[in-house]
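Subject: A structure for you to look at

Hello,

Here is the structure I promised to pass on. Please open it beside this email, and then read on for what turned up in it.

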Amino acid sequence: MGGFNLVRGRILRGVYVLLSCEEEGQIKRLIADNKEWFEGNFESIVPWDDSFAIFEKIAWFRCRGISLALWINQCFECIGVLVGTLVEVDEGIISKEVLEYARLCIRIPLGEEVRLAKSMRISDRLC
């Protein structure tokens with residue numbers, strides 16, 4: 001496994017992962033030896049710093065009452081802006097396997113609780 005079996009990965013919150021090894025410097029060597037793999041699987045890799053803090057979280061939302069004609073990324077982005085920032089749309093929604101609700105992944109401030117029922121007009125249609 002090229003040393004990967006020595007790596008411990010822990011999800012911190014949302015999109016952050018802490019990678020560690022018992023032997024000091026091993027992570028740095030693994031990243032250097034497998035740079036292409038790490039770059040393909042992580043948006044960025046930075047060494048641990050005690051000042052690291054998380055100020056946001058990722059949450060999945062179910063949105064009901066949206067006409068199928070409006071199931072487009074532009075519409076989903078407008079919905080995401082109401083509470084945070086759209087990260088992604090569930091694959092089952094894109095392929096229209098699930099039609100009961102739209103499932104959206106949205107980045108919101110940490111500590112924020114979102115319970116929202118809102119009617120909005122999209123392309124002159126009330127949703």
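A definition to begin with: helices (H or I, at least four residues) and strands (E, at least two) are DSSP runs, numbered from the N terminus.

Two notes on the source come next. This is a predicted model, in which local features need pLDDT of at least 70 and side-chain atom pairs count only at pLDDT 80 or more, while totals for chains, interfaces and linings use all residues. Residues are numbered from 1 along each chain as its sequence is written, and side-chain values use heavy atoms, with hydrogens and water left out.

The sheet

Strands of a sheet pair through backbone hydrogen bonds, either parallel or antiparallel. Here, three strands form an open sheet in the order S3-S5-S4, and their pairing is antiparallel. (Two strands pair if DSSP finds at least two bridges between them.) Strand S3 (56-63) and strand S4 (85-89) are at the edges with a single partner strand each, so one side of each has no neighbour in the sheet. From one strand to the next, the twist averages 30°. Axes are lines fitted to C-alpha atoms, for helices over the stretch in contact, and angles run from 0 to 180 degrees between N-to-C directions.

Four bridges join S4 and strand S5 (residues 102-109) in the antiparallel sense. Helix H3 (residues 73-81) lies across S3, S4 and S5, and runs at about 135° to S4.

The core

In soluble globular proteins, nonpolar side chains tend to be buried together. Which residues have the most contacts inside the largest nonpolar core? They are Ile-66, Phe-76, Ile-79, Ala-102 and Leu-104, in a core of 17 residues. At least two residues of this core come from each of S3, H3 and S5, and S5 gives the most, with four residues. A nonpolar core here is a set of buried Ala, Val, Leu, Ile, Met, Phe, Trp, Tyr and Cys residues joined through side-chain atoms within 4.5 Å. Buried means under 20% relative accessible area, exposed over 50%, and partly exposed in between (1.4 Å probe, protein chains only).

Leaving out residues up to four places away in sequence, Leu-104 touches Ala-59, Trp-60, Phe-61, Cys-63, Phe-76, Ile-79, Leu-86, Glu-88 and Val-89. (Contact means heavy atoms within 4.5 Å.)

The rings

There are six aromatic pairs in the structure. Rings of Phe, Tyr and Trp (its six-membered ring) pair if their centres lie within 6.5 Å; planes under 30 degrees apart count as stacked, over 60 as edge-to-face and the rest as tilted. Trp-37 and Phe-42 have ring centres 6.3 Å apart and planes at 70°, so this pair is edge-to-face. Trp-37 is partly exposed at 44% relative accessible area, and Phe-42 is partly exposed at 26%. The rings of Trp-71 and Phe-76 are also edge-to-face, because their planes are at 65°, with centres 6.2 Å apart. Are Trp-71 and Phe-76 buried or exposed? Both Trp-71 and Phe-76 are buried.

Ring pairs also link Tyr-16, Trp-48 and Phe-52 into a cluster. Elsewhere, Arg-103 lies over the face of Trp-60, 4.1 Å from the ring centre. (A charge sits over a ring if NZ of Lys or CZ of Arg is within 6 Å of the ring centre and within 35 degrees of the ring normal.)

A few single residues

- Cys-78 is in helix H3 and is partly exposed, at 39% relative accessibility.
- Lys-96 sits in the loop between helix H4 (91-94) and S5; its phi is near 60°, a positive value in a residue other than glycine.
- Gln-26 belongs to helix H1 (residues 26-33) and is buried, with a relative accessible area of 13%. Apart from neighbours within four places in sequence, Gln-26 is in contact with Leu-6 and Cys-21.
- Glu-112 lies in the loop between S5 and strand S6 (121-122) and is partly exposed at 38%, whereas Glu-113 is exposed at 62%.

Enjoy exploring!

Best wishes
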